[in-house]
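Here is a short report on one protein chain. Please keep the sequence and the model side by side while reading.

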Amino acid sequence: MNITIVGRKCTPREDFRARAEKRLSKVEKLFGEEANAKVTATVEKNCHIVEITVTKGGMIYRAEERADNMVDALDECVDSLIRQIRKNKTRLDKKLHSAVLDDFMIDVEEEIEFDVIREKSIALKPQSVEEAILQMNLLGHQFYMFLNADTDQINVVYKRNANGYGLISPDAE
């Protein structure tokens, strides 16, 4: 697995890097060497945040955890990532074709199907990103789907946990 470690507002020490590689070796068994993992470590006031994003075969797995120190945040983040994999074992098994997942499947109730509780359709009118963010805030939502006036594609804006906004747009592949 190709592991990239990035620090925001900090420089991760060598012992953190070694621990990250050791802890991610569990995840590497699931995805193989062709997977990519990005570990982002951030320090904010009295809080340490670790975010791990693993990509393989067009699938993205992401976890983010906060703790009083960087090592605890890393451990919680890896555990969270493994819980996600356990919870979705059947779907991942079909996608990855791997029997290695069975090693991780102890005492976890598998989610059989997703229950769509509500469906909603919306009229899409062309908007700028700024207009979409304003509309999202006026509605009091965490995300908002809109037709981007600049690109003529459907986009989603969302509120990020650590302040600011995000924009999701389709890949041009």
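## Strand β4 and M59

M59 sits in strand β4, which covers residues 59-67. Strands here are DSSP runs of E with at least two residues, helices are runs of H or I with at least four, and both are numbered from the N terminus. The relative accessible area of M59 is 21%, so M59 counts as partly exposed. Buried means under 20%, exposed means over 50%, and partly exposed lies in between (1.4 Å probe, protein chains only). A35 is 24 residues away from M59 along the chain, and their C-alpha atoms are 10.0 Å apart.

## Basis of the model

This is a predicted model, where local features need pLDDT of at least 70 and side-chain atom pairs need 80 or more, while totals for chains, interfaces and linings use all residues. Numbering starts from 1 along each chain as its sequence is written, and side-chain values use heavy atoms, without hydrogens or water.

## Helix α2

Helix α2 spans residues 70-87, 18 residues in total. From first to last C-alpha, α2 reaches 26 Å, close to the expected 26 Å. That expectation is 1.5 Å times one less than the number of residues.

Several α2 residues are buried, including M70, L74, C77, L81 and I85. N69 caps the N-terminal end of α2. A side-chain oxygen of N69 lies 3.2 Å from the backbone nitrogen of V71.

## The whole chain

The chain has four helices and eight strands. Their order along the sequence is β-α-β-β-β-α-α-β-α-β-β-β. Of the 173 residues, 31% are buried.

Note on methods
Polar contact = N/O pair within 3.5 Å; in protein donor to acceptor, adjacent residues only side chain to side chain.
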